[in-house]
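Colleague: Can you walk me through this model? I have a few questions about it.

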Amino acid sequence: MLKKYFPLLLLCFTSFFVYANTDKLTHDQISDQRWSAFSDVAELYLKNANANEFISMGDHEKDKWGNYPGALSYYFMALNKNKKSIMAAYQVGAALAYLEINDEAIKYLNIAYQNGFWQYYLMKEDDELSLIRKTNAYQTLLEKVKVRYQSHVTDAGKAKIFAPSDHPPKAGWPVVVWLSGYGTEGTDSQSLADAFTEVHAIFIGINGTEKLNDHSFRWSNNDTTSTNDAVIAALKQAETQYPVNKNKVVLMGFSQGALHTAHLLADHPNLYSGALIISAGGWQKNMQKSTVNKKNIIISYGKQEAESNRSLDQNLIHYFSLHNNVEVHTHNGAHFFDNSWEQAYPNYLIKIIND
């Protein structure tokens, strides 16, 4: 099997010299660096590492050093370890496309498809494939992947409902709808549900409406129509199982989910009574003049967030503050939950629901 890959493996191994200025190095220094460049591949091979370990090292070589030829050596070894590996074949194809070895790139992308590749959005938006994106071969393969994708997305937009164990109030349970961040799985929310059902509300976790990989979802990068449809469907599902107070439906989101939370509240203020917006991030459409009135809204973010995220949070604070009850809470971290979230966030929701 390795004989097939030898010419490209030779390219990968010799690529070290593209990334090192050898003019000022002694022979011993060059020798040490040559061994350093090859030793990780050899070490993985000698310890009989599996395909995923080689892929992980290839990703590291590419992402940290920008060394695509070097990353190829790991990806080829991964494919040698497992000829049926979907992601090994895909990563070989993507790296080759980046290196402008186009015919071979298409060949390995087709091997990935033959192995079962279905990750439509990955292939559609992968910057490494930009140089082959307009080719007929790429477009044909992308359409085939899109068709296969449809059979893998039965859980996109899917909801999981968690209800309190005690008796519902006379008006029905308040509802907290959770929109998780990019690349996560909203229905995998047991720890959140355990914390938030203590505020005496139904907790609904929803997967993003676009599936990236197994257990990995996102919300649309273009609009919130599919997000709102998923929330409405989840609320209808909850109503068939539990008494629901439609006047107390609170949205809660993190990162991309937080941004969609803000847009849903702005676009459909009659459907939602308030929101907990945590570290908003990602695409933002233009928000028109606010028609949101008398809502309880809490915005929380980290002081160490990227400037773009902090600016976005400030924009949301300004947008909602005119006619609503807006509170802002910051923590000392970056783009993640407040360390005290298990106490802080349920308290925020109690205030949003009951004020």
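Predicted model: local features only at pLDDT ≥ 70, side-chain atom pairs only at ≥ 80, totals over all residues.

Colleague: How many helices and strands does the chain have?

Modeller: The chain has 13 helices and 9 strands. These are DSSP runs numbered from the N terminus, helices being H or I with at least four residues and strands E with at least two. Of the 355 residues, 50% are buried, meaning under 20% relative accessible area; exposed is over 50% and partly exposed is in between (1.4 Å probe, protein chains only).

Colleague: What is the strand order in the sheet?

Modeller: The order is S1-S3-S2-S6-S7-S8-S9, an open sheet of 7 strands with mixed pairing. Two strands count as paired if DSSP finds at least two bridges between them. The edge strands, each pairing on one side only, are S1 (159-162) and S9 (325-331). From one strand to the next the twist averages 15°.

Colleague: What lies across S8?

Modeller: Helix H12 (residues 307-321) lies across S7 (274-278), S8 (296-302) and S9, at about 165° to S8. Helix H13 (residues 341-354) lies across S2, S6 (244-254), S7, S8 and S9, at about 155° to S7. The axes are lines fitted to C-alpha atoms, for helices over the stretch in contact, and angles run from 0 to 180 degrees between N-to-C directions. Contact means heavy atoms within 4.5 Å.

Colleague: And S4 with S5, parallel or antiparallel?

Modeller: Antiparallel, with 3 bridges between S4 (residues 210-213) and S5 (residues 216-218). Glu 210 has Arg 218 in S5 as its bridge partner. The hairpin has 2 residues between the strands, and His 215 takes a positive phi near 65° there.

Colleague: Switching to H3. Which residues in H3 are buried?

Modeller: Ala 51, Phe 54, Ile 55, Gly 58, Glu 61 and Lys 62 are buried in H3. Seen down the axis of H3, the buried residues fall within an arc of 120°, so they line one face of the helix. That arc is taken over the directions from the helix axis to the C-beta atoms. On the other side of H3, Asn 52, Asp 63 and Lys 64 are exposed.

Colleague: What caps the N-terminal end of H3?

Modeller: Asn 50 does, with a side-chain oxygen 3.1 Å from the backbone nitrogen of Asn 52. Just after H3, Gly 66 has a positive phi of about 65°.

Colleague: Last one. Is Ser 255 buried or exposed?

Modeller: Ser 255 is buried, with a relative accessible area of 11%. Ser 255 is in the loop between S6 and helix H11 (256-267). Its side chain makes a polar contact with the side chain of His 335 at 2.8 Å. A polar contact is a pair of N or O atoms within 3.5 Å; within protein, one must be able to donate a hydrogen and the other to accept it, and residues adjacent in sequence count only if both atoms are side-chain atoms.

Note on methods
Residues numbered from 1 in each chain as written. Heavy atoms only, no water.
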